[in-house]
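Please keep the sequence and the structure in view while reading.

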Amino acid sequence: MRSTRVTRRKLLRLGALALGSTALAACAALPTGPAKPTGEPAKTAAETTGLGSQPGPTTAPGGVPVKITFMMWAWSPENEKFERDRIELFNNSQTKVVVEPLIMPYEDMWTKLDVLVASGQAPDSVWYDYAAYKLIAKGQFLDLKPYVDNAAAMLDDSIYDQGFWKPAKMLGGDSPYALPIGGEGMNLFYNRDLFDASSEPYPTDDLTWDEYRNVAIRLTKEEGGKVVQFGTSLAWLQSWWAWVMLLWSRGVGIVDSHFSPTQCTLDTPEAIEALQFLQDLIYKDKVAPDPVQASVLSEQGGDFASGKVATMVDGGWDVVSFRSIDRFQWDIALLPKGPKGRISPFWIGGPMISKQSRNPDAAWEWTKWTAEEDGQAMIAKSGQQVTWLRKAREIAPEGAVPEHYSKRFETLNDLAPADVWSERWNEILDKVWNPEFDRFWKGEITAAELVKAIAPETTKMLQGA
Amino acid sequence: MGRLARREALECYLFISLAVAGFLIFQAGPIGVSAFLSLTNSELVGTPAWVGLRNYSAMLHDPLFWQSLKVTVTYAVVAVPLGLALSLLVALLMNQNVRGISVFRTVYYLPSVISGVAVAVLWRWILNPEFGILNLLLGYLRIDGPNWLLDRQWALPSLILMSLWGIGGSMMIYLAGLQGIPTHLYEAVEIDGGGMWDKFAHVTIPMISPVVFFNLVTGIIWTFQEFTRVYVMTQGGPSNATLFYGLYLYRNAFRYFQMGYASALAWVLLLIILAMTLMLFRTSQLWVYYEGSVEKA
């Protein structure tokens, strides 16, 4: 007969094991391995054949709803309320899945997600952002293709905008890792009052970058040697993911491929010309605020909201935040064109499913719902993003919108994913680009000098050096 | 060991057991694992491979490691003594027996309890080159104020200036030390014909030297771990002029996923802090006076 007596040595061993395990879990540095999914995705995925909400066949033993966690960030209390309302609407719309929110500030969320993934406790569902790319590249999120292949409507361009798929397939293949339920491009925002005061016609669809500069020159006003009204503000255009539009409009780009980049292509005459064009708006034409002037405007509510800037390239997302402006009338237009046309940088948002999820099918039910009528109507009404579902774009956002609100959708007719999907991209930005761009935007070096300083090093790092 | 001694020992272990368990569970484990990770190429997820001391040798050729070290050491060398001197000065003023002194003490202590982000926003206004109050005051003195946080030369001095905002904490510790000085010592100086300076140099300073030592050691440790302020205010810019060690470590761990290298950075930081603390303890024998201690012959 085997002894079952717990000896002191056994107890000590168990204690040491428990202590060691706890310590390892607490340090959250080594993965304990992904949890096994309850079933093969392709076999159990719900098939979306229409636009109505159709909770799938997720089973809940004993009729108890399956609980899943959804991780998302919030920029503001209003933003957090939107997320909670969305989850509540889903939870009330069916009885099989209960989503539990895990909402936190943006920066904290990604650090926490890294730690949760490393400790094998990843949330079932996570909202996509570029910050998740490294985890996606390391296989921590499910390939959604088996689910999507069973949802015919999602592959129908007359129902869902198929242009949204490209940035969702960030590993370069045919597999999406996020469901692109919302997207966003950029527009030219303009202060109508300042245009009216100078009898300047509003920007049209044919506006070119050269004409944009001329308009900015005409709308810049000085008093006593001091600029009191800027024709434009670079603002986001000082970020690479926005100024890349000028390169695209000249037929060049920053890297050879945004999905598997190996070469920095900034060292072309067209790219240097585009960057110099932007710097000249600040220091040569003096129609855009320099960093010091911009810091003053930012304390007055932001460049555009200050009412002292006539035009500004901005993301469609600011249509929502600019609704609170009541001091002047504003509107949006399409981006200016270059010799090779107009292309807007583009981003998507939507849920991903963690590879560690024990309930991937339930997570898919939630994911799918966000793309269906109810979920998409919520996005449309909030105006937070452009909906993936074309039909939902007919729903007017709550609150005032600019007269040419439809330009927010039109800008997506010519788009390209802005992000660069390389595991070293953030490192390249921090170590190579940002220090030199700090000097460039202060006017200490020219575009040619900038490119000479960063292009070879970027290529070297992209190639793994 | 007698029965009473055994009982005392048992009680002692009982009392410290929670703290020891807490340390073993929540700190010793991660510390040990980070030492292991520093010898691997860990990328947070996946199985790390053993690389030996490669992460440590890589630091020698990493210009940003040296830049972050330079920034942090410069900050510590200037901000700590400046903070110590200023907080002592304020504590001396707050130790005066005047009417309403408790209000003044509260006013000087209050800034140190305001949260980091709120302070950061406030200082962004103070340091704004166009409408900030600092440049406004400099303007009255006919000095053209710099661009503070936007200027490579002035960004670090701006953060040093900002660090003085939190002197209220060490001021309170100084104040406690000052109030513990027996008045008869000052009376003895008076009898000997000494003035204010003699009282300060020969009574106040020696008597509060343990407090100065405490504030110095903790100040050095905190400044080497500086993170939040720089993360919110400058993100290490402009052009890495404020790239603190803690920020560079964080970036490696959570932005570049180079957990092995970040762990090695953390261990080097620990060794630097340990070396500085040991050095301070060694030198403390020369300048720290403990009342009641027996001087070596």
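The model is predicted. Chain A has 18 helices and 13 strands, whereas chain B has 13 helices and zero strands. Residues of chain A and of chain B both occur in the largest nonpolar core.

**Chain A**

- Chain A holds 465 residues, and 54% of them are buried.
- Among contacts between residues at least 6 apart in sequence, 74% in chain A join residues at least 24 apart.
- About 19700 Å² of chain A is accessible surface, and carbon and sulfur atoms account for 52% of this area.

**The domains of chain A**

- The domain assignment divides chain A into domain 1 (41–181 + 350–388) and domain 2 (186–344 + 420–462).
- Taken over C-alpha atoms, the centres of domain 1 and domain 2 of chain A are 33 Å apart.
- Contact between these domains of chain A involves 14 residues of domain 1 and 10 residues of domain 2.

**Chain B**

- Read from the N terminus, the elements of chain B run α-α-α-α-α-α-α-α-α-α-α-α-α.
- Along the principal axes, the C-alpha atoms of chain B fill a box of roughly 75 × 75 × 35 Å.
- Of the 297 residues in chain B, 41% are buried.
- Among contacts in chain B with a separation of 6 or more, 66% are between residues 24 or more positions apart.

**The largest nonpolar core**

- This core contains 212 residues, and those that touch the most other members are Leu237(A), Trp243(A), Ile254(A), Leu266(A), Trp425(A) and Trp433(A).
- Helix 3 (residues 63–94) of chain B provides the largest share of the core, 13 residues.
- Domain 1 and domain 2 of chain A both give residues to this core, so the core lies between them.
- Beyond its neighbours within four places in sequence, Trp433(A) is in contact with several residues, including Trp240(A), Trp243(A), Ile254(A), Leu266(A) and Trp425(A).
- The contacts of Trp433(A) also include Ile428(A), Ile454(A) and Thr458(A).

**A nonpolar patch on the surface**

- Tyr13(B), Phe15(B), Ile16(B), Val20(B), Phe23(B), Leu24(B) and Ile31(B) form this patch, and together they have about 720 Å² of accessible area.
- One of these residues, Leu24(B), belongs to helix 1 (residues 3–37) of chain B.
- Leu24(B) counts as partly exposed because its relative accessibility is 38%, and this class lies between the limits of 20% and 50%.

Methods. Residues numbered from 1 in each chain as written. Chains lettered and ligands numbered in written order. Predicted model: local features only at pLDDT ≥ 70, side-chain atom pairs only at ≥ 80, totals over all residues. Heavy atoms only, no water. Helix = DSSP H or I, 4+ residues; strand = E, 2+ residues; numbered from the N terminus. Buried < 20%, exposed > 50% of the residue type's maximum accessible area, 1.4 Å probe, protein only. Contact = heavy atoms within 4.5 Å. Areas by Shrake-Rupley, 256 points an atom, 1.4 Å probe, with all protein chains shown as cover. Core = buried A, V, L, I, M, F, W, Y, C linked by side-chain atoms within 4.5 Å. Domains from an automatic or database assignment. Patch = residues over 30% accessible without salt bridge, like charges linked within 9 Å, V, L, I, M, F, W, Y side chains within 5 Å. Salt bridge = Lys/Arg side-chain N within 4 Å of Asp/Glu carboxyl O.
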